[in-house]
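Me: I am new to this structure. Can you walk me through how to read a few of its features?

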Amino acid sequence: SKYDIHRDLLSGVCNFPVADHISSLIKQCLIEIVGADTIKLPGVLKRRFRFSRLASEIRTRFHNEASKFFTFLAEKYPSKIEYAIAAELHSSYIGKKAPIVSGFLDSKIALAHTHYEEHKYKEAKKIIDEILKIKRTRDIIRLSALIDAELGYHESVISKAKELFSQNPNDAYLFQRLCKITLTQNREDITEALVSIAQGNKINETSIFIVQGDIARRRKQLDHAEWYYREAINHDYKKKNAWPYFFLGVTLIKLDEVDKAISVLHEGLMICESKPWIKSNVNDAITTQLGLAYLLIGNLEAGQPILQNLIERSPESPEIVHAYAYLIVKRDGKEKAEEAYEKFRRITPRSWKQRGHYHLFYALFLLELGKLSEANDHFALAHKYESNNVHIMSKYSRTLYQLALKAKADGDSMAEEYARKCAQILKKILKYDTKNEIADSMRVDLGYEFGIEVSKIQSD
C-alpha cells in the first residue's frame, strides 16, 4: 500500500509470520517506521510501487482484512473519523459496506453541521473535508461550500457552487446565502462570480436581481440598485417574495425618496398579508423600515404606533429595539435615551445571528450616546458571533483605534493593548479584503502612532 499500515494488519493478510520479514526490510531501509505499531514505504519507493500489479487474490485479501481492522478501530475509537473513512474506503474496493460506517458518518455530518451553526467553522471544516474523501452527496458538498465561504476559501466555494447549481438550479437559498457571506467579507468579486454561475444555471431570476441590487447598493450605485430591485419585483410573477420590496424601500430612503419608499413598503406588506405562509421575519423587516420611514419625514403619528406594536410583539428583536430607540430619541430627545438604553439591556437574544445583531445595534446606539468604551465591548461581542463580518470588524477596529489614541493621550497603559487588538482586527479585514482603503489607512496610522506593523502582529 502507498499509505501507512499497521503491523497487525499485515499479520492478518499474510499466511505466514511477518515479524522477521518486516525487521529485515526495515534494516534495508525498504520500510520506514511511522509509529510504535505503524510502518510505511519510503518516499522513493512509494512513487514506484504499483499495488495493482499484485495478484488479485492478495489485493482482495488485503482490502478485506483492512476493512475489518479499521472497522474495529472505528468502533474502539469513535472520535477518530479517519478509521471509519479507511474502513469505508477498503470495503468499497471489494464491493462491500463497512457495517458501522453509515451511522458513524451520519453522526459526524450532524456534528459538522452543529459546529457550523455554532460558528465553529474550522472544526466543521476538519470533519467535512475528511468525509468528502469518501462520500460526496449534494448535502455534504452544500455544507462544505457554506463552511468554506465563512472561512474565506473562495476558490473552493466557486468550484463547489458550479457543481451544486448544475445539479440543482432551484437552490436559490444556497445562492443567496453564499452571496451574503461573501458580501459581508467585502468580496464583491466573488459574489459577482457566483452571480455568473447562477445565471449560467438558470437560478431563480428574482434571487439574482436581489443580489445584483445588493452589490450595487454596497458600491453606492443607488440608481442601479433601485433598477435591480424593481426588476426582482417584476420577475416575481407569482408575487411570493416580499424581500425585493424591503430592499427597494431601503434604497429609496437613501435616495431621499421617502414618500416613494413608504408606498413600496406598503406594497410589500400587502404581499405578506396575501401570502400567510411567508415568514414573519420579512414582514417584521418591512414593517420596521416603514415605521422608520415615517419618522424620517416627521410623521410621528403614523410611525409611533407601528414601532410601538412591533416592540410589544417582538421585544427581543435587535432590529426592532434599535428602531424603537430611534423613536424615543426622535420623540423625546437624547435626554430620554436611557429609556431606550434599558430596552437594549433587557434583551436576551436566542440565536447566534440575533446575538450578533443585538451587540452590533447596541454598540451603534452606545456610540451615538458617546459611550465609546461600552460600545467597544459590544463590538467585540458582535465580532465573536459574526467573526468574518468585515462591516463589524471595521466598526470594531475604528473604536479600538479611538480608544488607543485616548488612552495614549491620558498616559493610560491600556493604549498598547487597544492598539495591538486593533492591529489584529485590521489584519483579519485585509485577509478578506486586501483592497480595503479604510483598513489600509488605519494600518498606516497605527504604525505611525504606535509603531505596530500589522502584517507581523500575532493573532489571538
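Me: Where do helix 14 and helix 16 go as they pass: is their crossing left-handed or right-handed?

Reply: The crossing of helix 14 with helix 16 is left-handed. Bear in mind that this is a predicted model.

Me: What describes a helix pair in general?

Reply: Two packed helices are described by the angle between their axes and the distance between those axes. Here, helix 14 spans residues 243–254 and helix 16 spans residues 280–296. Their axes come within 9 Å and cross at roughly 20°. Angles under 35 degrees count as roughly parallel, so helix 14 and helix 16 are roughly parallel to each other.

Me: Which residues make that contact?

Reply: Helix 14 brings Trp-243, Phe-246, Val-250 and Ile-253. Helix 16 brings Asn-281, Val-282, Ala-285, Ile-286, Gln-289, Ala-293 and Leu-296. By class, the contact of helix 14 with helix 16 has 9 nonpolar residues, 2 polar ones and no charged ones.

Me: How does helix 13 run against helix 14: roughly parallel or roughly antiparallel?

Reply: Start with the angle. Helix 13 covers residues 222–234, and its axis crosses that of helix 14 at roughly 155°. The two axes come within 9 Å. Angles over 145 degrees count as roughly antiparallel, so helix 13 is roughly antiparallel to helix 14. The crossing of helix 13 with helix 14 is left-handed.

Me: What residues meet there, and how do they divide by class?

Reply: From helix 13 come Leu-222, Ala-225, Glu-226, Tyr-229, Arg-230, Ala-232 and Ile-233. They meet Pro-244, Tyr-245, Phe-247, Leu-248, Thr-251, Leu-252 and Lys-254 of helix 14. The contact of helix 13 with helix 14 divides into 10 nonpolar, 1 polar and 3 charged residues.

Me: Why does Asp-256 count as exposed, and Asn-186 as partly exposed?

Reply: Exposed means over 50% relative accessible area, and buried means under 20%. Asp-256 has 70% relative accessibility, so Asp-256 counts as exposed. Asn-186 has a relative accessible area of 23%, so Asn-186 is partly exposed.

Me: What about Thr-182: buried or exposed?

Reply: Thr-182 counts as buried, because its relative accessibility is 0%. Thr-182 lies in helix 10, residues 172–184. Leaving out residues up to four places away in sequence, Thr-182 touches His-154, Arg-187, Ile-190, Thr-191 and Leu-194. Thr-182 and Glu-150 are 32 residues apart in sequence and 7.9 Å apart in space, C-alpha to C-alpha.

Me: How many disulfides does a search of the whole structure find?

Reply: The search finds 0 disulfides. Cysteines can still be read by accessibility. Cys-179 counts as buried, at 1% relative accessibility. Cys-272 is buried too, with a relative accessible area of 6%.

Notes:
Residues are numbered from 1 along each chain as its sequence is written. This is a predicted model: local features need pLDDT of at least 70, side-chain atom pairs count only at pLDDT 80 or more; totals for chains, interfaces and linings use all residues. Side-chain values use heavy atoms; hydrogens and water are left out. A disulfide is a pair of cysteine sulfur atoms within 2.5 Å. Buried means under 20% relative accessible area, exposed over 50%, partly exposed in between (1.4 Å probe, protein chains only). Axes are lines fitted to C-alpha atoms, for helices over the stretch in contact, and angles run from 0 to 180 degrees between N-to-C directions. Helices (H or I, at least four residues) and strands (E, at least two) are DSSP runs, numbered from the N terminus. Angles under 35 degrees count as roughly parallel, over 145 as roughly antiparallel, 65 to 115 as roughly perpendicular and the rest as oblique. A crossing is left-handed if the near helix is turned anticlockwise from the far one by less than a right angle, and right-handed if clockwise. Contact means heavy atoms within 4.5 Å. Ala, Val, Leu, Ile, Met, Phe, Trp, Tyr, Cys and Pro count as nonpolar, Asp, Glu, Lys and Arg as charged, and the others, Gly among them, as polar.
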